[in-house]
Amino acid sequence: MIVRPRRLRSTPAMRALVAETRIHPSQLVLPMFVAEGLDAPRPISSLPGVVQHTVDSLVDEVRRSVTLGLGGVMLFGVPRPEDKDAVGSVGSSPDGILNRALTALRDAVGDDIVIMADTCLDEFTDHGHCGVLDERGRVDNDATNDRYVELALSQARAGAHVVGPSGMMDGQVAAIRDGLDAAGFTDTAILAYAAKYASAFYGPFREAVNSALSGDRRTYQQDPANRREGVREADLDEAEGADMLMVKPAGYYLDVLADVAARSQVPVAAYHVSGEYAMVCAAAERGWLNRDAALAEAVTAILRAGADIVLTYAASELAERANGSKR
Ligand code: PBG
């Protein structure tokens, strides 16, 4: 007798029956950009299909995300260059683009989708770092945490259901949790970018947010060489009160993701980042890859490794396919 696993691959119906991993719209989160001073949405050349939104076009797109059944949206703000300063003041201002957009979104869609905000300073600082700098030009951990608390509070006030500290400062989750609780925002959740690596795959994102950074983030983001350190960071964030953890990037860090997913007591997200998405788009434009199949495979692999939630620029198209409206 030959053992025949191929029996379970014999028809599409059989394969669907035995699939261990499925993409469901409710576990997908769409990262979105909203920019100050635009008359109309502006395409991001290195992220085909992704735009910098106006507040109005953002609201329209999020209404569509609700219809598609997406789990959430993650919002990034892009201020005017002249509004950036050393401490990223415009990020925590209620009149800043991110907070205005959050307010408009929450008014428009209420609790129909989970509204998440990136809680970081890099989009708002004139030097482009994720924190404030000390007199020697180094990122000052504890002074940065004070700013993160102000950012998170402003985002909670504006209507974010979830704040997403992504700057990799030590103690950022505890600081934000304390700040939110003290101000009465006990229901605002924290999605901690727990294991965030200093990755070359963030390239297109830097275009998307008109990043002012020269240099790199290697004193705060993690070294791609380190697996155990990612698990340590995740454990720390969970202990500090994170409601959800994230591993980022996703596809090249499935080992870290699997480790974190195996031990975490809270839901684990993975961020399929701009470069991971853009590479597939670029290859598909040349006819070298099948775009739809490659994106679906990438996200399936991330889920198979243990992610409960995937942030991806392909969220809408994957949801359309899962809903059967696109094949
Ligand atoms: C930093 C931040 C980054 C991304 C999201 N938030 C990266 C960075 O500039 O270091 C990258 C996301 C992507 O590449 O899609 N606040």
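Reply: Happy to, and let's start from the loop between β8 (244-248) and α9 (254-263), where Pro249 is found; helices (H or I, at least four residues) and strands (E, at least two) are DSSP runs, numbered from the N terminus. This is a predicted model, in which local features need pLDDT of at least 70 and side-chain atom pairs count only at pLDDT 80 or more, while totals for chains, interfaces and linings use all residues. Residues are numbered from 1 along each chain as its sequence is written, and side-chain values use heavy atoms, with hydrogens and water left out.

Pro249 is joined to Lys248 by a cis peptide bond, with omega about -10°. Most peptide bonds are trans.

Lys248 also leads us to the ligand: with Asp122, Arg217, Ser274 and Tyr313, Lys248 is among those that come nearest of the 18 residues around it (a residue is near if one of its heavy atoms lies within 4 Å). By class, this shell has eight nonpolar, three polar and seven charged residues; Ala, Val, Leu, Ile, Met, Phe, Trp, Tyr, Cys and Pro count as nonpolar, Asp, Glu, Lys and Arg as charged, and the others, Gly among them, as polar.

Now the polar contacts, meaning pairs of N or O atoms within 3.5 Å. The side chain of Asp122 has an N or O atom 2.7 Å from a nitrogen atom of the ligand. Ligand oxygen atoms lie 2.8 Å from an N or O atom in the side chain of Arg206 and 2.7 Å from a polar side-chain atom of Arg217. The protein covers 100% of the 400 Å² of accessible area that the ligand has on its own, by the Shrake-Rupley method with a 1.4 Å probe.

What space does the ligand take? It takes the space of the largest cavity: more than half of its atoms lie within 2 Å of the grid points. On a 1 Å grid over the protein atoms alone, a cavity is a set of points where a 1.4 Å probe fits but cannot get out, and lining residues have an atom within 4 Å of a point. The whole structure holds one cavity of 30 Å³ or more. The largest cavity has a volume of about 70 Å³, counted as the space filled by probe spheres set on grid points joined across faces, edges and corners. Asp122, Arg206, Arg217 and Lys248 return here, among the residues that line the largest cavity. By class, that lining has three nonpolar, two polar and seven charged residues.

Methods
Polar contact = N/O pair within 3.5 Å; in protein donor to acceptor, adjacent residues only side chain to side chain. 1 Å grid on protein atoms, 1.4 Å probe; cavity = no way out; pocket = protein on both sides within 12 Å on 5 of 7 lines; lining within 4 Å.
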